[in-house]
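Hello,

Here is the structure for you to look through. My notes follow below.

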Amino acid sequence: MIEKSRELAETRARSFKLRIRMQNAAKGQNPRIFVISSIQKCGQDNQILGLGQGDAFWATRVPGFPLPAPEESPFLFGGPAAYSSHFHGKVMAVITFDSDEPDSVVQESISVLSENENLRVPHIIGLQLDSVSGHYRSVGQGKLMDRAVAGVLTRQYSEPLEIDEGVLVVLCSDSRLLPPMTSKGAPMTIRTLGGFIPSYDESLPETMNLDDFLTRWLEQDSSEKRIVAMAHGNPDADAAACGAAKASLDSSEIADSFLRSIVEQIGDDAMRADSSHETTAHSRAIAIAKATRRNLGTYPAISAITKKRILLSEVVQLAYMDTVTGILTPY
Ligand SMILES: [Zn+2]
């Protein structure tokens with residue numbers, strides 16, 4: 001994955017268009033689209049939808065389950081959904097479904113999203129993969145205008161790479177980050193605010209669904225599967241630091257109370273996971289990745305493996321992604 005990230009960075013540097021995107025990424029982000037993908041397909045969705053660096057703020061959902069209501073899924077709705085409301089000019093929210101997901105999952109998820117107050121977008125678009133053509137088609141009871149917008153989005157189709165189901169990446173929702181590639185293709189990807197995963201909570205459907213996903217994933221060849229928790233930033237550009245990490249250093253200024261409570265929890269867990277208590281955005285981003293690793297250890301699916309004498313630090317590895325170039329370094 002590290003080698004691939006260097007190769008891709010060289011390709012980016014050779015292209016005029018991609019160089020401009022990197023220059024903009026060093027200054028900040030202002031995505032126009034908020035996308036919720038399934039964990040399984042997230043690594044591919046940017047390719048299928050033709051979305052490049054800076055285009056979309058990302059979140060993920062557990063495939064096969066309808067989107068839980070906001071109070072049952074605070075780390076999605078109080079996290080990336082609420083955070084993305086602060087970008088000016090954001091025009092749509094997109095939720096994608098795999099071809100084998102039942103209609104009930106599709107309809108319920110779209111209605112949960114439409115009724116949510118944190119999103120504040122003119123268009124909410126549901127897209128489901130067609131198993132024959134491999135293209136997305138518009139689904140749900142969307143307004144005529146929404147379907148027209150969906151048509152424009154799905155026309156940008158480009159052929160996706162294979163999915164590497166041996167690797168699961170946890171990455172910040174930041175629009176400037178594209179999922180890294182492995183030697184086999186696009187890894188499965190979880191995208192959350194700051195790349196933070198909360199600890200397992202039996203009363204929270206959001207974490208129970210994730211545990212269900214992890215259990216199914218780890219059912220076979222668990223010793224060969226790896227999770228990579230990623231921190232991100234850039235040593236030369238303060239504006240390229242992780243926004244969630246920065247916000248968690250001082251959350252008192254956040255006006256949205258739902259978002260503030262999530263950012264506070266991220267900050268608390270980060271401090272517990274990293275005893276050095278440094279106060280730069282860089283060190284906080286790494287502390288959040290450590291918190292994610294520690295919290296993943298509380299999921300029954302993961303603790304079942306770590307009980308078999310595989311270390312948590314082996315199952316969940318840490319890496320650092322440069323926000324601007326996408327280059328990875330192990331941590
Ligand atoms: Zn970030």
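A residue is buried if 20 or more other C-beta atoms lie within 10 Å of its own, exposed if 12 or fewer, and partly exposed in between; C-beta atoms are placed from the backbone. Helices (H or I, at least four residues) and strands (E, at least two) are DSSP runs, numbered from the N terminus.

This is a predicted model: local features need pLDDT of at least 70, side-chain atom pairs count only at pLDDT 80 or more, and totals for chains, interfaces and linings use all residues. Residues are numbered from 1 along each chain as its sequence is written.

Start with helix H4, residues 74-84. Ten of its eleven residues are buried. Among them are Phe75, Leu76, Phe77 and Tyr83. What covers them includes strands E1 (33-38), E2 (56-61) and E7 (186-192), along with helices H7 (205-218) and H9.

Now take H9 (residues 257-273) and H10 (residues 281-296). Their axes come within 8 Å and cross at roughly 85 degrees. Axes here are lines fitted to C-alpha atoms, for helices over the stretch in contact, and angles run from 0 to 180 degrees between N-to-C directions. The two helices are therefore roughly perpendicular (65 to 115 degrees). In H9, the residues that meet H10 include Ile266 and Asp269. Contact means C-beta atoms, placed from the backbone, within 7 Å.

Last, the whole protein. It has twelve helices and ten strands. Buried residues make up 46% of the 331 residues. The C-alpha trace spans about 55 × 45 × 45 Å along its principal axes.

Best wishes

Note on methods
Angles under 35 degrees count as roughly parallel, over 145 as roughly antiparallel, 65 to 115 as roughly perpendicular and the rest as oblique. Two residues are in contact if their C-beta atoms, placed from the backbone, lie within 7 Å.
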